[in-house]
Amino acid sequence: MFQTDRISLRKMVPDDIVSYHKWRNDHQVMVSTNPALDNYSFDQTESFVEQVILNNHSTKSYMIIERKHNQPIGITSLANLDFKNRNAELIIDIGEKEFWGKGYASEALKMLLNYAFNELNLHRLYLQVFAFNEKAIRLYQRLGFQQEGVSRQALFRKGSWHDILQMGLLQSEYNHFN
Ligand SMILES: CC(C)(COP(=O)(O)OP(=O)(O)OC[C@H]1O[C@@H](n2cnc3c(N)ncnc32)[C@H](O)[C@@H]1OP(=O)(O)O)[C@@H](O)C(=O)NCCC(=O)NCCS
C-alpha cells in the first residue's frame, strides 16, 4: 500500500530533519509552496518539524523515498485530519529538484489517496495551490481534484499579488475516477 517499484512512503523520523531543512531553505522549491519565504536555522526547522509534524496528532506525514538509492526526495502529508467530518488537507513537496517531472509526485499521491479514501475512509480531501503553480494544478486535476474556490490576491510574491486556488476531491469522485 505504501510502496511501488520506484518509491515508498514511510513515516517521518527525527533523522529526516536534515533533508527537510535543506528543502525548506531552497527557495526554488519553496517559492511555489511556502506562503512565508524565509531562511531558517537548523534549530528553527527542528522545532517546527517536532511541533508541526512529528508530535501533531492531526497530521500524518510521509517521506517519499526513491527506493533504488534509499534517498528521501520529498514529503507528503494528510494534515488537519478531522475524523468527525472525515476531511483532511493534502500537501506534497518534492524537495529534490532533479526528481521533478518524472512522475514521482503523481505516484506518491496515488498511494496516499488510496490510503486516505480506501483505508482511513475519509470523505473529502482539500488543498490549496498558488495560481501560478501550473504544474501542480495539472497534477491535482489529473488526480480528479476540482477547483472549489479562489482566495483572491492572497499571496504577495516577487513584488506582486497572486491568487490561491482551493481544490477538493470527494471520496465518491475518487472511486469513480479510479
Ligand atoms: C509540483 C510538484 C509537486 C510536481 O511534482 P512532480 O514529481 O514533478 O510531478 P509529476 O512528475 O508527477 O508530474 C509532472 C509532470 O511529469 C510528467 N510525468 C508523469 N509521469 C512521468 C514519467 N514516468 N516520466 C516522465 N514524466 C512524467 C507528467 O505528465 C507531468 O507533466 P505535465 O505537468 O507537463 O503534464 C513538484 O514540482 C514540487 O514539489 N515543486 C515544489 C513544491 C511545490 O510546488 N509543491 C506543490 C505545492 S501545491
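In the protein chain, 60% of the contacts with a separation of 6 or more join residues 24 or more positions apart, a contact being heavy atoms within 4.5 Å. The structure is a predicted model, in which local features need pLDDT of at least 70 and side-chain atom pairs count only at pLDDT 80 or more, whereas totals for chains, interfaces and linings use all residues. Residues are numbered from 1 along each chain as its sequence is written, and side-chain values use heavy atoms, with hydrogens and water left out.

The secondary structure of the protein chain comprises six helices and seven strands. These elements are DSSP runs numbered from the N terminus, helices being H or I with at least four residues and strands being E with at least two. From the N terminus on, their order is β-α-α-α-β-β-β-α-β-α-β-β-α. The C-alpha trace spans about 45 × 40 × 35 Å along its principal axes. The radius of gyration of the protein chain is 16 Å, which agrees with the value near 16 Å for a compact globule of 178 residues; it is taken over C-alpha atoms, and the globule rule is 2.2 Å times the number of residues to the power 0.38. Of the 178 residues, 47% are buried, where buried means under 20% relative accessible area, exposed means over 50%, and partly exposed lies in between (1.4 Å probe, protein chains only). The chain exposes about 9700 Å², of which carbon and sulfur atoms supply 47%; accessible areas come from the Shrake-Rupley method with a 1.4 Å probe, and for residues only the protein chains shown count as cover.

Helix α1 (residues 17-24) is mostly covered, with six of its eight residues buried. These are Ile17, Ser19, Tyr20, His21, Trp23 and Arg24. The cover over the buried residues of α1 includes α2 (27-30), α3 (42-54), β2 (60-66) and β3 (71-82).

In helix α5 (residues 134-142), the buried residues are Ala136, Ile137, Leu139 and Tyr140. Viewed down the axis of α5, these residues fall within an arc of 160°, so they line one face of the helix; the arc is that of the directions from the helix axis to the C-beta atoms. An α-helix has 3.6 residues a turn, so residues three or four places apart point the same way. Glu134 and Arg142, on the other side of α5, are exposed. Elements covering the buried residues of α5 include β4 (87-94), α4 (104-118), β5 (124-130) and β7 (160-170).

Phe145 lies in the loop between α5 and β6 and counts as buried because its relative accessibility is 3%. Leaving aside residues up to four places away in sequence, Phe145 touches Leu90, Leu113, Leu125, Tyr126, Leu127, Tyr140, Met167, Gly168 and Leu169. Phe145 and Leu169 are 24 residues apart along the chain, and their C-alpha atoms are separated by 4.7 Å.

Positive phi values also occur in residues other than glycine. Gln153, in strand β6 (residues 146-157), has a positive phi of about 50°. Lys158, in the loop between β6 and β7, has a positive phi near 50°. With a relative accessibility of 76%, Lys158 counts as exposed.

Glu107 belongs to helix α4. Its side chain makes a polar contact of 2.8 Å with the side chain of Arg6. A polar contact is a pair of N or O atoms within 3.5 Å; within protein, one must be able to donate a hydrogen and the other to accept it, and residues adjacent in sequence count only if both atoms are side-chain atoms. The C-alpha atoms of Glu107 and Arg6 are separated by 8.8 Å, with the two residues 101 apart along the chain. Apart from residues up to four places away in sequence, Glu107 touches Thr4, Arg6 and Ile7.

There are 22 residues around the ligand, and Ser32, Ile94, Gly101, Gly103 and Lys135 come nearest; a residue is near a molecule or strand if one of its heavy atoms lies within 4 Å of it. Backbone N or O atoms lie at 2.6 Å from a ligand oxygen atom for Gly101, at 2.5 Å for Gly103 and at 3.0 Å for Ser106. The ligand taken alone exposes 930 Å², and the protein buries 74% of that.
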